[in-house]
Amino acid sequence: MDEKDRILLHLLEENCRTPEKELAVLAEMSEQDVHNRIGRLEATGAIRRYGAVVDWEQAGNGNVAAVIELKVSPERDFGYDRIAERIARFPQVRSLRLMTGAYDLQLLVAGPSMHEIARFVSEQIAPMDRIRETATHIIMKTYKENGTTFAEREGVERLPYSF
Amino acid sequence: MRDFVSARARAIPPSGIRKFFDIAQTMEDVISLGVGEPDFVTPWCVCEASIYSIEQGSTAYTSNKGTPQLRGAISRYLDTRFRTRYDAEDEIIVTCGVSEAADIAIRAVTDPGDEVLVAEPCYVSYTPCVSLAGGVPVPVRCRADDEFRLTADALAESITRKTKALIANFPNNPTGGVMQEADWRAIADLLVDHDLLLISDEVYGELTYDGDHFSPARLPELRERTITLNGFSKAFAMTGWRIGYLCAPPEITAAALKIHQYVALCAPVMGQIAAYEALRIGEAEKDAMVREYRLRRNLFVDGLNKLGLACHLPKGAFYAFPSVESTGMTDTEFAESLLREQHVAVVPGSVLGPSGAGHVRCAYAVSRDDLKEAISRIGAFLDSVK
């Protein structure tokens, strides 16, 4: 990855719908070059997916989400990878990370109700082998997601002219 | 009753954009490219440190020349960033923005009748400050054909026996022009030959997009005859904090400090603490802002040229300075009609010195969406006047 790739990735991360023509102007390269580079970044997996940052609450969706902490006994030869792989297969699991500190795996789980999430944790996750302990934290409000602040701050008016 | 206003104050021309202000005030949906300040809010880490210091009761005067911490940080910053060395103890004064730094620099070196060369087009304050100090401002023209650099030829033409100093601002407001080392070497020879002082306003130094900013005080022959001015407003989005600084050899610094202590006492302490934080931990956010300005520049200048408004690619600052001559209008007519008809505010170049005539200053320190909208409105405007 070079500087030009880095600029393209930042621009796409900010708005993946930016036309290639505009990317070319912004990043000071030809449209063909932009096209080729994006193709390569997709092929190598540097770009995993194009998506939108959705404020589901604003959209009127009643889903709830929870952060779930798991204490896990690692397996000889595999560490946490195999158990993580099993957990990641559940579509309810939106993100999954291995953490330092008081617990091992952190999940972000979304579901239609608090009840559903509780059932998912107690029936699907907790009984799995090697899970020693679970702690479920319901998300009450999202202030910022993937770098995007949800609450609108009132801007301060600037003078129309200054030198 | 007598007219109490002094002849000097009366002689200062009123701002050339007063009427633009008045028109813009009546409109709801103006896209203003007329603002010479970043649209970013000061990095939060900087604000947070200053808020904390206020809570701790840090609200008093500081040393006249600024807190030792900030002067030390400025000294180290200039050394690492621009490779100029200034002693924190007797070669740096923290001022109320670069505006004050320019004023006290000019007053510290200007005697009545001294001619002070001003590289134009430029920021509006240098010329009146020279006049208020009793000096005679003399414009030196920087031309579009030279990418708005100051050339030795133009400078040589303007030097007389009375010339004392040259004021230059690169990267330049309003043109975005920059001066590289070779450009400064040519100027340095003239300054030395004629024993002139250089006042170099480098407030846009961090906003240099192709190669690094070259600070003229890096040249040994200029170091002893240069007053370097810089500040936090543009690079760190800190316009409202009013923190700039002046760096010069000790004798000049001492003279400027006398003026500073009587007119300002010291720069605001909250701003000084914020500025210290900006140098300590603000670099990443500054770099992110500079990257964003570069993207905006590319987008906006490309848009202007596609509309047929000839504009060189500015290498610094956050201004595009397109020529409007192809429209057959003067810069003032263009700016006024554009504001009235399409609600886009730009500054007529002639306001920024006679050599700015025929151009308009467009600050691209607004969001990319606003820049796209501005381009489309300017396009509609050009179609309507064809």
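Biologist: What makes up domain 1 and domain 2 of chain B in the domain assignment?

Modeller: Please keep in mind that this is a predicted model. The assignment gives domain 1 of chain B as 7-42 + 284-385, and domain 2 of chain B as 44-282. The C-alpha centres of these two domains of chain B lie 25 Å apart.

Biologist: Which residue counts describe the contact of chain A with chain B?

Modeller: Nine residues come from chain A and 18 residues from chain B. Helix H2 (20-26) and strand E7 (161-162) of chain A each supply two or more residues to the side of chain A that touches chain B. That side of chain A holds six nonpolar, one polar and two charged residues.

Biologist: What makes E7(A) and strand E2 (residues 34-35) of chain B a pair?

Modeller: Two strands pair if there are at least two bridges between them. E7(A) and E2(B) have two bridges, in the parallel sense, so they meet that cut-off. Opposite A:Tyr161 stands B:Gly34 in E2(B).

Biologist: Why is one side of strand E2 (93-98) and of strand E4 (131-138) of chain A left without a neighbour in the sheet?

Modeller: The open sheet of chain A has four strands in the order E2-E3-E1-E4, with antiparallel pairing. E2(A) and E4(A) are at the edges with a single partner strand each, so one side of each has no neighbour in the sheet. From one strand to the next, the twist averages 20°.

Biologist: How do you know that strand E1 (residues 64-72) of chain A pairs with E4(A)?

Modeller: Pairing asks for at least two bridges, and E1(A) and E4(A) have seven, in the antiparallel sense. A:Val72, for example, has A:Ile131 in E4(A) as its bridge partner. Helix H6 (residues 114-125) of chain A packs on the sheet, touching E1, E3 and E4 of chain A.

Biologist: What are the confidence values for chain B and the model?

Modeller: Chain B averages a pLDDT of 96, and 100% of its residues score at least 70. The model scores ipTM 0.77 and pTM 0.90.

Definitions and conventions. Residues are numbered from 1 along each chain as its sequence is written. Chains are lettered from A and ligands numbered from 1 in the order in which they are written. This is a predicted model: local features need pLDDT of at least 70, side-chain atom pairs count only at pLDDT 80 or more; totals for chains, interfaces and linings use all residues. Domain bounds come from an automatic or database domain assignment. Two residues are in contact if their C-beta atoms, placed from the backbone, lie within 7 Å. Ala, Val, Leu, Ile, Met, Phe, Trp, Tyr, Cys and Pro count as nonpolar, Asp, Glu, Lys and Arg as charged, and the others, Gly among them, as polar. pLDDT is the predictor's confidence in each residue, from 0 to 100. Axes are lines fitted to C-alpha atoms, for helices over the stretch in contact, and angles run from 0 to 180 degrees between N-to-C directions.
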